[in-house]
Amino acid sequence: MENPVDTIKKQIAARKIAPVYYLHGEEGFFIDELVKLFSELLPENDRPFNMFTFYAAEKTPDDIMDICRRYPMMAERLVVVVREAQTAGGKWLNKLAAYVANPSHSTLLVVAARGENPSCKEFVAALKKGGGVDIEFKKEKESRISAILIDFLNSRNLRYEPKALEMIRDFVGTDLSRIYNEVAKMSVALGEGATVTPESVESLIGVSTEYNNYELRRALAGRDFVKAIKIAKYFTANQKNNPWAVTSVTLFDLFSSALVAYYTPGGDQNIVNALGLRGTWQLSDIILCKRNYNPWQLIDIISLIRRFDAAAKGNGSRRNPFLLQEELIMDILTSPGRRQ
């Protein structure tokens, strides 16, 4: 799926710009990127008299509409950006309906609302009538983060080792702004065309090459008791940088994927297709796990992870999640499965 920023860039290059854009939703990173893109649409010399940026709470809808109806001064268009529209609320947005239903085509109006969507049915209906664009940015799913991270690395012309990719993803989580900033930092430090290695991630981001979810995943897949327990103890001692929720997702992904692999006929490519992976290079831990655990063990382990996740969230337990996590890892390593 194409990055929405890239889609808008193509539309701008093709001079297919809508008169109004409504950018909203829980994922603020792409909203910020598009606001920045639209704010830089005019040449710098045209901006003093033709570029306006407001916070919604500071202006009335009438103020915004009056400015949007002006003619540009010695420029192709006016650009009007309204930020943080969610703070003004749905009623405020609905008062813009009269303009967005019949917008000026010499003005670009960008309305940005972050977080929970305001209730503004009149505004949205008028937007569609006037040829505007409504883009909602939902919070990215955990399963999409690796693909987005790869896109960010590619955009900076950086190559990467699979382990380094997993280390960044596990450490940063689903915060796209943080992921982008970390990639930008590595791009500056390593230079264009460089390869991101586990060592560079350790030095630039501060993730341990030995004690991280990637290494825990590999240790459990190979049933390496000593290493898995060491990592679990390290996570307990360094809780801030090793959130249990990320570990829980990582372990569930490993063992559920191994179970799918058990019941997928054919070769590795069939497993890649069944799991929706990018390539066979992502299969190493899954195949290792499949070799070391039988199907009944995998089923038991998936159940253990689900019970741990509920208990760590306080459902029926008040114990420290990291102590529960240590017990989970021991239970995984010693899972008997169904007796044959």
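This is a predicted model: local features need pLDDT of at least 70, side-chain atom pairs count only at pLDDT 80 or more; totals for chains, interfaces and linings use all residues.
Residues are numbered from 1 along each chain as its sequence is written, and side-chain values use heavy atoms, without hydrogens and water. Local features need pLDDT of at least 70, side-chain atom pairs count only at pLDDT 80 or more, and totals for chains, interfaces and linings use all residues.

Me: Is Ser 200 buried or exposed?
Reply: Buried means under 20% relative accessible area, exposed over 50%, partly exposed in between (1.4 Å probe, protein chains only). Ser 200 has a relative accessible area of 8%. Therefore Ser 200 is buried.

Me: Which backbone oxygen does the side chain of Ser 200 reach?
Reply: Ser 200 sits in helix H11, residues 198–205. Helices are DSSP runs (H or I, at least four residues), numbered from the N terminus. At 2.8 Å, the side chain of Ser 200 reaches the backbone oxygen of Thr 197.

Me: Which residues is Ser 200 in contact with, leaving aside its neighbours within four places in sequence?
Reply: Contact means heavy atoms within 4.5 Å. With those neighbours left aside, the partners of Ser 200 are Leu 190, Thr 195 and Ile 205.

Me: Is Trp 244 buried or exposed?
Reply: Trp 244 lies in helix H14, residues 244–262. Its relative accessible area is 16%. So Trp 244 is buried.

Me: What separates the C-alpha atoms of Trp 244 and Asn 212?
Reply: Trp 244 and Asn 212 are 32 residues apart along the chain. Their C-alpha atoms are separated by 11 Å.

Me: What is the relative accessible area of Met 330?
Reply: Met 330 belongs to helix H18, residues 321–333. Met 330 is partly exposed, because its relative accessible area is 35%.

Key:
Helices (H or I, at least four residues) and strands (E, at least two) are DSSP runs, numbered from the N terminus. A polar contact is a pair of N or O atoms within 3.5 Å; within protein, one must be able to donate a hydrogen and the other to accept it, and residues adjacent in sequence count only if both atoms are side-chain atoms.
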